[in-house]
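Subject: Handover of a structure and the findings

Dear colleague,

Please find below the structure that I am handing over to you. My notes on what was found follow it.

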Amino acid sequence: MTEFNHDTFISPFTWRYGSGEMRAIYSERHKRELLRRVWIALAKAESRAGLVTEEQIAELEAHATDIDIERATEIENEIKHDLMAEIRTYAEQCPKAAAVIHLGATSMDILDNMDAVRLKEALCLIISRTDELIRAFAEKVEVYKAVPCMAFTHLQPAEITTVGYRFAQTLQDLLDDRKELSEVLSSIRGKGMKGAVGTAASYVELVKGRGITAIELEKAVMDELGLTAYDAATQIYTRKQDLRVTAALSALSATLYKFAADFRIMQSPPVGEWSEPFGKKQVGSSAMPFKRNPINMEKVDSLTRLVSAQYQVAWQNSVTTFLERTLDDSANRRVFLPECFLATEEALITVKKVVSGMTVHESGIERLLASYGLFSATERLLMELGKRGANRQDMHEVIREESLKAWAIVQQGGENPLLGYLLDNDEIKKYLTSDEVRELMDASHYTGDAEARCDLVLRRVQDLL
């Protein structure tokens, strides 16, 4: 048997990315145990037609977990067919039932139903991880929903938002992603037991005159596996199912990518409002000892980019399994499906770790508000001037000119002089007192209904969890 260790290539997903639970779902042992579950379910259904005895079923169940990959590999090296190798390995362990293993089936009756079970297991784990991340974001939204900070449009200082409202945007996307994942999970179907080209001809012949139809046989197998079968299939279930799964994972990855990328901007020293957890002995750079790079969020962006690219692979598979079946999809499905799940899960785990342990730097928030918050408050001033009877266009030009003069001072590193400029402006004095101008230019209050909207998103979390 081939041994895998660090002397040969192994995937980083084997040991570096993803959890033990997800790796177990996509392990060879679990795959073969699921294959045997399908064979046992088929045997039980066929026993209703008098084709399999209770003694044979008992033997199959007794060896359901006696996986012998070494023996199966030995047989596969000789016959060049992995599923037949597993059948023969199972048959050697079950001499009484050997003759009825895989009775009436084609390989994809077993493999595609196994894959459908595995897709459901993997999606359930991804949904569980997503729920954990939703809770972590909800905590941040609750804590910071009323804390003002600078918002940016075009990567330029704009108006005031709140820290919690910024988190709420991602939380809202996660809730939508979670709904989509749940819908995809509920839509997962098996191929069913339909034979070589999907017509179930072998099963129709097998159960003819035995008091059960091929469709009833199929339903009995699917019920045993906890699946619903597609009404129609070729040799395989439609690969649009894989496309839907990959699309849902890609959409979730888009949410994680954007938040991670934004986090990297927020950790950059010129902004300096957020930072990742940083271990006491953690090394940021081999060359620059002072550095604290956002390595976790960079990893998230790297992995989610990989997930997004797999959508095209799934799309190609859905259109190039010509007519009733080709093997265009077979090899790449062994790679991209588990890697999509493992990469997405690693991103979810990483973002949760960062969000739960991150630091929100009040000094950075206050520094940006002091430098740029006054500019955003000019909109509030403009609205009040309009209410007092001033010409909106004229006042816009007045404030624009004063703002540009102040901006030049800020760009040179000086303290923002805008408030003083506005207090001294004769046109503004016609409509507002100095105290009114000062109050209107208090940027910390110019957050609109951000806090209330945070509560709306939090209510959705409460309804879900």
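In this predicted model, D242 forms a salt bridge with R333, and their closest N and O atoms are 2.7 Å apart. A salt bridge here is a side-chain nitrogen of Lys or Arg within 4 Å of a carboxyl oxygen of Asp or Glu. The pair links distant parts of the chain, since D242 belongs to helix α10 (residues 240–267) and R333 to helix α12 (residues 330–357), 91 residues apart. Helices (H or I, at least four residues) and strands (E, at least two) are DSSP runs, numbered from the N terminus.

Are these two residues buried or exposed? D242 counts as buried, at 1% relative accessibility, and R333 is buried as well, with a relative accessible area of 9%. Buried means under 20% relative accessible area, exposed means over 50%, and partly exposed lies in between (1.4 Å probe, protein chains only).

D242 and R333 also take part in a network of salt bridges that links D112, D115, R118, R239, D242, R325, D329 and R333. By the rule stated above, the count comes to 38 salt bridges.

K387 and E384 both lie in helix α13 (residues 362–387), 3 residues apart, which is about one turn of the helix. E384 is buried, with a relative accessible area of 16%, whereas K387 counts as exposed at 67%. R388 is partly exposed, with a relative accessible area of 35%.

Turning to the strands, β1 (residues 148–153) and β2 (residues 156–162) run antiparallel and are joined by 5 bridges. Two strands pair if DSSP finds at least two bridges between them. P148 stands opposite T162 in β2. The hairpin of β1 and β2 has 2 residues between the strands, and in this hairpin H154 takes a positive phi near 60°.

Residues are numbered from 1 along each chain as its sequence is written, and side-chain values use heavy atoms, with hydrogens and water left out. Because the model is predicted, local features need pLDDT of at least 70 and side-chain atom pairs count only at pLDDT 80 or more, whereas totals for chains, interfaces and linings use all residues.

Yours sincerely
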